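Hello,

The structure is below, for your files. My notes on it follow.

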Amino acid sequence: QLQASGGGLVQAGGSLRLSCVASERTFSNYLMGWFRRAPGKEREFVAATSWSGGRIYYADSVKGRFTISRDNAKNTVYLQMNSLKLEDTAVYYCAAGPGLTTEPYEYNYWGQGTQVTVSS
């Protein structure tokens, strides 16, 4: 029900925009978030947005560099990633859940993940 895309290989300092398309039922009823999992590490919260976009959370590690947004007409949530660093390399997942939270276990639906690799 969630389809993420937009990952790729980018040099440090570059930008990527991830997209996540959801089914209308999922998108209209849930808040949306992005998580990532780097090799050998736990899955970690990146950003989340309420349905209206009026409430947004970011992990401290991405504040000022990443922007989450959503287009409700297109059932799509985006993650604009600027000033990418080597440590941003990870598989990025979009998720949908009933509450605006940083905890992955509170999200009901997950996309398949898209690989982001930042090179030096």
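**Notes on the model**

N75 is found in the loop between β7 (66-71) and β8 (76-81); strands are DSSP runs (E, at least two residues), numbered from the N terminus. This is a predicted model, in which local features need pLDDT of at least 70 and side-chain atom pairs count only at pLDDT 80 or more, while totals for chains, interfaces and linings use all residues. Residues are numbered from 1 along each chain as its sequence is written, and side-chain values use heavy atoms, with hydrogens and water left out.

N75 has a relative accessibility of 16% and therefore counts as buried (under 20% relative accessible area; exposed is over 50%, partly exposed in between; 1.4 Å probe, protein chains only). Its phi is near 55°, a positive value in a residue other than glycine.

A positive phi in a non-glycine residue also occurs at S83, with a value near 50°. S83 sits in the loop between β8 and β9 (90-97). Its relative accessible area is 42%, so S83 is partly exposed.

R36 belongs to strand β4 (residues 31-37). R36 counts as buried because its relative accessibility is 4%. Its side chain makes polar contacts with two others: the side chain of Y92 at 2.9 Å and that of S61 at 3.5 Å. A polar contact is a pair of N or O atoms within 3.5 Å; within protein, one must be able to donate a hydrogen and the other to accept it, and residues adjacent in sequence count only if both atoms are side-chain atoms. Leaving out residues up to four places away in sequence, R36 touches E42, R43, E44, V46, S61, V62, F66, E87, D88, A90, V91 and Y92 (contact: heavy atoms within 4.5 Å).

Regards

Definitions and conventions:
Helix = DSSP H or I, 4+ residues; strand = E, 2+ residues; numbered from the N terminus.
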